[in-house]
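Here are some notes to go with your first look at this one. Have the model open while you read.

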Amino acid sequence: MPQLDPSWQSPYEPSTHERDGHLHAVRRFAWRRRLPATIAAGVVVVAALVGAVLVTPWLAALAVVVGGLYGWDLSRYSDRLSRQAGELAVALRSEFPVVGSTSERQRLAVVVERLSATFGVDGVAPYIIDDAGYNAALVPEGDGWTLLVTAALIRDYELIELEGVVAHCLARVRVGVAVRQAVAAVLSLDEAVRRDLSAPGSIYRSDEVAAATIRYPSGLAAALRRCAAQGPVAGSMAQRPSFAARRAIWLNPWADRRESDLGDLDDPTVRAMALEEW
């Protein structure tokens, strides 16, 4: 008789290996930023271990101490980067005033509460921010998350489109990319380094996970079509100099792009086309 494969996993469900790779990205980035210290610590540890063999066993203790101090310092630096990412939500709320009627806030809160349970994400605080462009972002804040949705999106999107947007944002947490994208958004980095830290293609991947989890890709596809059709909006966040550094955190990272780039997986038109083929 045919038997089920107990090791099978849906390709649309983030694997432990995939999540861990993203979750440890900030630590790997910190390691590269501290490369001189890494080399120095490595040299001391190796020299001490050689000395422990050739001179005195007590030098092995020096190797342990130096290695431990280096690990502690690297962990502290990595944690500091993550804390900086947590300050992004406060900065965004100060730049974009929180708005929205009572009914609009309740509408958003209900969608967030229902989908947070579905995606297994706790502590999501939703806010409607004053901006004329269609966009949304989920960023870490303290022990929880802050969801920012533009007033234009809340005003114009249908319920299934709003659900698709919120699902995409929550999927970034499931995939494990939300924190690394926030870290990339707050640091002063070379553009190539920032893009690498932001995990190119992970926005497209988050669409897949979102659509598979809510089992309705059409809502998110329609939401992305609206983003692409809107294009750059005068006075919106996409027109600010800070947008380029922060683009990876947003639902539409290319809100400042006038024409679609079909060679870019993170372009909203490409993502909508992929979802429409499901």
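Predicted model: local features only at pLDDT ≥ 70, side-chain atom pairs only at ≥ 80, totals over all residues.

1. Residues are numbered from 1 along each chain as its sequence is written, and side-chain values use heavy atoms, with hydrogens and water left out.

2. The protein chain has 14 helices and four strands, taken as DSSP runs (helices H or I, at least four residues; strands E, at least two) numbered from the N terminus. Of its 278 residues, 47% are buried, meaning under 20% relative accessible area with a 1.4 Å probe, protein chains only.

3. Now the cavities: on a 1 Å grid over the protein atoms alone, a cavity is a set of points where a 1.4 Å probe fits but cannot get out. Points are joined across faces, edges and corners, and a volume is the space filled by probe spheres set on them. There are three cavities of 30 Å³ or more.

4. The largest cavity holds about 80 Å³. Its lining (residues with an atom within 4 Å of a point) has 14 residues, with Gly133, Tyr134, Gln230, Gly231 and Ala255 nearest the centre.

5. What lines the second largest cavity? Tyr204, Asp207, Glu208, Arg271, Ala274, Leu275 and Trp278 do. Helix H11 (202-214) and helix H14 (268-276) are the elements giving two or more residues to that lining. The space in this second largest cavity is about 40 Å³.

Notes. 1 Å grid on protein atoms, 1.4 Å probe; cavity = no way out; pocket = protein on both sides within 12 Å on 5 of 7 lines; lining within 4 Å. Buried < 20%, exposed > 50% of the residue type's maximum accessible area, 1.4 Å probe, protein only.
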